[in-house]
Number of protein chains: 4
Amino acid sequence: MSQCSSIKVAVVGASGYSGEELVSRLLHHPCAELAAITSRQYAGQPLNDIFPRFTGQDAADTLEFTEPDPSILAQVAEVIFLALPHGTAVEYAQPLLAKNIKIIDLSADFRLNNSETYEEFYGNKHPAPDLLKRAVYGLPEFYREEIRTAQLVASPGCYPTSILPPTVPLLKAGLIKPTGIIADSLSGVSGAGRNTDISFLYSECNESARPYSIPKHRHLSEIEQELSTATGESVVIQFSPHLIPVTRGILTTQYLAPSEKFQSETEEQALGEKISHCLETAYATEPFVRLLPAESLPDTKNVTHTNYLDLAWRLDRRTGRLIMTSAIDNLVKGASGQAIQSFNLMCGFDETTGLL
Amino acid sequence: MSQCSSIKVAVVGASGYSGEELVSRLLHHPCAELAAITSRQYAGQPLNDIFPRFTGQDAADTLEFTEPDPSILAQVAEVIFLALPHGTAVEYAQPLLAKNIKIIDLSADFRLNNSETYEEFYGNKHPAPDLLKRAVYGLPEFYREEIRTAQLVASPGCYPTSILPPTVPLLKAGLIKPTGIIADSLSGVSGAGRNTDISFLYSECNESARPYSIPKHRHLSEIEQELSTATGESVVIQFSPHLIPVTRGILTTQYLAPSEKFQSETEEQALGEKISHCLETAYATEPFVRLLPAESLPDTKNVTHTNYLDLAWRLDRRTGRLIMTSAIDNLVKGASGQAIQSFNLMCGFDETTGLL
Amino acid sequence: MSQCSSIKVAVVGASGYSGEELVSRLLHHPCAELAAITSRQYAGQPLNDIFPRFTGQDAADTLEFTEPDPSILAQVAEVIFLALPHGTAVEYAQPLLAKNIKIIDLSADFRLNNSETYEEFYGNKHPAPDLLKRAVYGLPEFYREEIRTAQLVASPGCYPTSILPPTVPLLKAGLIKPTGIIADSLSGVSGAGRNTDISFLYSECNESARPYSIPKHRHLSEIEQELSTATGESVVIQFSPHLIPVTRGILTTQYLAPSEKFQSETEEQALGEKISHCLETAYATEPFVRLLPAESLPDTKNVTHTNYLDLAWRLDRRTGRLIMTSAIDNLVKGASGQAIQSFNLMCGFDETTGLL
Amino acid sequence: MSQCSSIKVAVVGASGYSGEELVSRLLHHPCAELAAITSRQYAGQPLNDIFPRFTGQDAADTLEFTEPDPSILAQVAEVIFLALPHGTAVEYAQPLLAKNIKIIDLSADFRLNNSETYEEFYGNKHPAPDLLKRAVYGLPEFYREEIRTAQLVASPGCYPTSILPPTVPLLKAGLIKPTGIIADSLSGVSGAGRNTDISFLYSECNESARPYSIPKHRHLSEIEQELSTATGESVVIQFSPHLIPVTRGILTTQYLAPSEKFQSETEEQALGEKISHCLETAYATEPFVRLLPAESLPDTKNVTHTNYLDLAWRLDRRTGRLIMTSAIDNLVKGASGQAIQSFNLMCGFDETTGLL
């Protein structure tokens with residue numbers, strides 16, 4: 001593990017599932033010192049009372065949830081993770097940025113470049129549109145250099161993380177058309193957060209599979225923004241999320257149209273080689289993207305509790321489509337693990353520190 | 001419940017999950033007498049030793065698995081359900097049909113009209129191609145009259161049952177295009193059968209979601225056959241099955257292209273009314289198809305242990321697509337319940353007998 | 001099914017899991033007409049909006065939740081099921097009993113004979129101690145005749161239903177000692193109700209097993225009351241409930257001390273025959289208690305969605321103990337099914353009506 | 001992390017769940033080099049084909065399953081983990097011990113001191129009774145010093161690991177009686193191994209809870225051996241294992257009889273302090289035993305994927321009993337984690353290396 005001096009960090013909103021995962025990873029991060037964890041609901045209570053899982057892990061035994069006070073936070077931490085609901089993060093980001101604190105925000109508040117798109121998808125005017133320009137979209141596979149020097153990183157949503165890396169390199173290479181893309185995703189229940197809602201009770205989710213928020217889930221806004229950026233034209237896609245009875249994991253199946261036809265076995269093979277080459281060029285050296293071998297397909301259980309994104313594809317000569325499948329852990333690569341990837345980049349650490 | 005005289009029935013292959021569900025339903029069917037259940041593996045053992053769940057339910061306590069001997073079966077039963085693996089059913093169907101027994105086959109052996117398609121998808125020559133012409137595809141919503149007089153019913157696969165009823169009426173009405181159809185399905189693990197295979201152990205399926213058999217699952221053959229029949233032209237579709245950790249249930253999300261554009265709210269509303277009208281015309285009086293109210297989406301837990309197919313759709317003006325979602329219990333409407341629907345039709349009983 | 005004239009019934013508190021199960025069973029009960037369902041939370045909404053599962057089942061499509069107004073309820077129903085939280089049921093029972101309505105209460109409000117025990121276990125003075133004397137404990141296997149003529153039935157708790165029937169006949173026969181009894185129970189999450197509480201979210205219960213409320217769970221009060229009644233002396237037992245990730249089901253393992261020693265194989269066999277004889281005498285003709293065959297042990301999956309209680313036992317010559325195991329569905333035999341058993345008895349119907 | 005020179009290790013039987021967990025931990029162990037993994041079933045196949053989860057983790061990408069040949073294994077590894085079925089481990093242990101290889105065996109083959117007890121519980125004569133004397137029972141909390149110098153460690157069974165540490169210190173201190181102990185345990189399905197058996201299919205275990213192997217499970221033999229060693233007298237206990245639908249985790253509830261009575265609050269408090277003191281003396285400095293705070297009870301989800309054993313207790317003045325509850329991950333502290341604890345001790349590493 002690389003040598004590193006310890007950076008003081010804080011997690012604001014540490015009592016949700018993303019917050020818990022951040023705390024879990026940061027407690028063991030060799031170059032981070034977890035200086036504060038906040039939770040309005042649990043302020044004053046020891047971390048271990050709420051998450052007994054952490055008991056005995058050094059620093060965990062002395063941590064206590066506090067009220068999220070930006071001026072205090074700015075004194076104790078150099079980098080602050082915001083794991084707050086959409087619309088709340090911006091309130092904390094503003095004063096902290098003003099004090100030159102580096103922010104990694106896991107909400108949707110800073111993911112969109114365009115405040116009008118924000119308003120269309122989130123239903124209210126963006127409270128700090130000027131900050132949108134300062135934020136870097138925290139997908140290291142695409143924005144590594146920008147993240148290194150960012151003061152404000154908008155860590156991507158869980159679904160976009162499962163959808164963008166498999167697709168963007170192919171779009172950029174012109175191998176698939178930017179039209180007609182469909183992303184069909186299955187998500188574990190932790191994606192709904194650690195909030196009381198009858199819909200997410202055990203007895204409502206067990207032995208249940210259901211679509212929701214179709215056809216216009218909020219994550220479409222950032223997915224389409226990034227696909228449009230990649231192609232230079234306005235991309236509109238179909239995205240259908242489903243809830244399935246697992247705690248963690250997102251599995252996405254995408255239906256893509258190759259730019260060239262492949263009606264013979266030879267053409268299929270030629271196209272397959274181009275796709276392989278494109279994805280290998282993009283990801284062979286990426287530490288957290290795994291291109292599965294030819295016979296394999298992703299399974300969420302192979303990526304849960306890891307920061308990996310697994311990826312496999314099939315050409316279907318019968319329909320002329322490319323089927324792209326991917327799996328991540330929604331709380332790790334889809335949230336807190338990816339945020340720590342950005343943290344490592346921002347601090348000059350090895351990008352995989354605390355993540356393998 | 002309608003008056004009826006009792007028909008003697010047998011279940012060949014009664015120790016699998018479809019067989020178990022057939023036994024469960026037939027034990028309580030007011031017009032059926034379960035005269036024999038067979039299982040090579042358990043021949044000689046009482047039903048309740050293998051399925052203790054049935055204990056105490058009258059006839060269940062005296063039933064015993066026997067070897068599946070066609071000549072004996074022909075003596076004790078008038079209608080025989082075959083719940084056997086693909087390729088095995090045909091061996092029993094032939095001698096039984098010769099003795100004028102009515103057969104409801106739950107395997108794929110008689111679902112295809114065309115023995116070449118069978119060979120393409122199942123990998124071997126069909127052993128009795130002449131029988132294919134005699135078989136009726138047992139989807140009562142489409143073939144009710146043919147089933148009434150059939151001697152051999154080929155009960156549909158679980159996936160096709162979730163895919164065809166939502167789509168066929170729209171295709172027939174010309175409301176959607178026959179090209180570019182995508183069906184993305186999630187299935188419970190009971191669909192894999194009651195067979196030993198490491199892949200279906202609890203610890204392999206729990207906390208797991210995975211695609212399989214893409215892009216060319218065998219059920220494509222019957223789906224495409226029925227879509228082609230509906231439209232009068234050769235239809236090729238995309239179909240992607242996924243395994244999720246529920247015991248029962250299939251959820252299917254289909255991506256369809258309406259024949260007409262709908263770029264304004266008015267056009268969307270007009271198209272929506274046509275779709276509504278088409279589906280209501282097709283299904284308002286169907287006992288087992290439920291068109292969900294406008295705000296609802298299907299959830300497998302609302303159909304498990306029932307013979308219902310739940311159906312809801314959304315138009316997406318952004319992409320120009322129609323999203324069709326449906327849910328069934330793979331073992332009931334997707335297998336044994338639907339087989340009993342055919343049984344009721346073949347015997348002149350009320351179609352819902354034993355199914356509500 | 002037996003001939004019967006239809007009795008008008010109502011379910012007060014129909015939006016919880018016990019309420020839902022009552023509605024499900026009463027909709028199909030050939031001698032009951034579901035005249036009203038109440039829910040403060042959902043008053044004014046159709047049943048099917050909250051429980052889409054019921055859609056299409058005749059009466060279900062016209063039912064709507066109403067405010068629970070006793071004077072209106074008394075006008076529309078002859079028998080009323082109360083599926084309310086503890087402490088609330090009594091408020092409705094009083095005015096309804098005053099109007100000669102028959103009440104089957106699924107809460108703990110009327111299960112105890114003694115208001116002091118109520119106060120000890122439920123923490124507040126019983127608001128209507130006089131009613132305690134009028135209530136019959138609704139365990140038909142023990143109080144069948146009393147239930148037939150009762151105006152107020154206190155339907156037992158789920159845990160007591162899994163614990164009492166296996167033990168009481170042995171205690172009465174003097175085959176086991178009334179001291180040192182231990183009941184160790186596992187319950188599905190639906191037992192915690194359809195209420196928002198972080199502890200019962202899917203992500204908190206999945207992959208989790210935990211004891212709770214030890215050593216003094218409230219159900220101890222009724223268990224000990226009934227064991228004391230059976231023996232004529234004051235019985236105190238150990239009871240440890242645990243939560244496990246299933247929706248439905250209770251599995252109980254009890255540790256009992258036979259009154260006689262069995263140190264040789266012969267003694268073990270002799271004692272075993274006495275136990276067998278005792279249980280068979282008690283339950284051979286009971287429709288809902290199943291004594292499993294010698295080699296079998298209960299499994300909750302064999303009783304879920306049924307009104308059965310499955311029961312098996314083992315003598316352990318090494319320790320001198322009798323191990324008694326039992327399984328029920330907490331929402332059926334442990335709540336709503338058993339309440340309907342009482343309903344059938346109170347109305348003079350066959351006890352199994354609507355329950356097989 | 002402590003400095004250490006790398007020790008070459010091998011895992012024999014690496015394709016089961018314990019084997020997989022060993023591989024997972026050893027791949028990341030800073031002082032171990034995984035030199036060989038064997039599997040008869042998968043010999044010749046890359047590790048990642050069978051466990052895609054490991055892909056990308058350095059050494060994992062080059063590992064391949066081999067045939068388990070002792071003479072080859074003795075050349076490549078200094079310490080060998082045997083993760084084989086009972087009865088098979090001894091065949092490999094003998095030749096390897098002869099070549100001075102250190103062995104950590106996860107089977108039951110060397111756990112018992114007494115070959116007669118082995119025969120009573122495992123049904124066949126022990127094939128190498130002389131080796132039993134050389135083996136050290138690998139529960140570091142009790143046999144730390146012996147493990148350090150052992151050549152053959154018999155790593156404890158999963159159930160015993162959840163039962164012994166909570167009980168032995170109290171027995172040794174004379175705080176509880178050695179008679180009448182009852183251990184009631186719930187286990188995840190991975191405990192049944194990665195073997196094909198209909199009983200452990202997803203659809204058989206989901207929504208199921210069931211006792212098994214009562215009253216005489218094989219693990220009783222080692223539990224009673226260790227309790228007898230602790231007390232100096234022959235201890236016989238009651239042990240009831242149950243299978244519940246989680247992949248990982250064991251929860252054990254034990255019913256114990258304190259040596260002294262506690263009928264007043266004062267007596268209860270005095271006894272409670274003695275118990276606290278005893279457990280704190282035993283475990284305050286143990287890295288992997290966590291005494292939960294007063295209000296808490298164990299939950300398997302707090303220990304899964306960790307090497308912790310969580311422990312909490314309650315005195316019940318009503319019954320005079322001490323209720324002891326504990327939770328472990330059956331594959332970590334209950335198998336592979338504990339084996340690595342022994343490995344660390346045998347090699348002189350910090351005991352927690354690779355386990356936090």
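How many strands form the open sheet of chain C, and in what order? Seven strands form it, in the order β9-β10-β8-β11-β14-β13-β12, with mixed pairing. This is a predicted model, in which local features need pLDDT of at least 70 and side-chain atom pairs count only at pLDDT 80 or more, while totals for chains, interfaces and linings use all residues. Residues are numbered from 1 along each chain as its sequence is written, and chains are lettered from A and ligands numbered from 1 in the order in which they are written.

**The sheet of chain C**

- Strands here are DSSP runs of E with at least two residues, and helices are runs of H or I with at least four, both numbered from the N terminus; two strands pair if DSSP finds at least two bridges between them.
- β9 (210-211) and β12 (289-291) of chain C stand at the edges with a single partner strand each, so one side of each has no neighbour in the sheet.
- β12(C) pairs with β13 (residues 309-316) of chain C in the parallel sense over three bridges, and Arg290(C) stands opposite Asp310(C) in β13(C).
- Helix α8 (residues 158-172) of chain C lies across β8, β10, β11, β12, β13 and β14 of that chain and runs at about 40 degrees to β11(C), where axes are lines fitted to C-alpha atoms, for helices over the stretch in contact, and angles run from 0 to 180 degrees between N-to-C directions.

**The contact between chains A and B**

- The contact takes 36 residues from chain A and 36 residues from chain B, two residues being in contact if their C-beta atoms, placed from the backbone, lie within 7 Å.
- On the side of chain A that touches chain B, β8 (182-187), β9 (210-211), β10 (238-243), β11 (250-256), β13 (309-316) and β14 (321-328) of chain A each supply at least two residues.
- Because 100% of the interface residues of chain A are also interface residues in chain B, the copies meet through the same surface.
- A rotation of 180 degrees with 0.0 Å of shift along its axis superposes chain A on chain B (RMSD 0.0 Å), by least squares on the C-alpha atoms of residues with pLDDT of at least 70 in both.
- The two copies are therefore related as by a two-fold rotation axis, and in chain A the C-alpha nearest the axis is that of Pro245(A), 3.2 Å from it.

**Phe81 of chain B**

- Phe81(B) lies in strand β4 (residues 79-82) of chain B.
- Leaving aside its neighbours within four places in sequence, Phe81(B) has contacts that include Val9(B), Leu22(B), Ile104(B) and Ala339(B).
- Phe81(B) and Leu22(B) are 59 residues apart in sequence, yet their C-alpha atoms are 8.3 Å apart in space.
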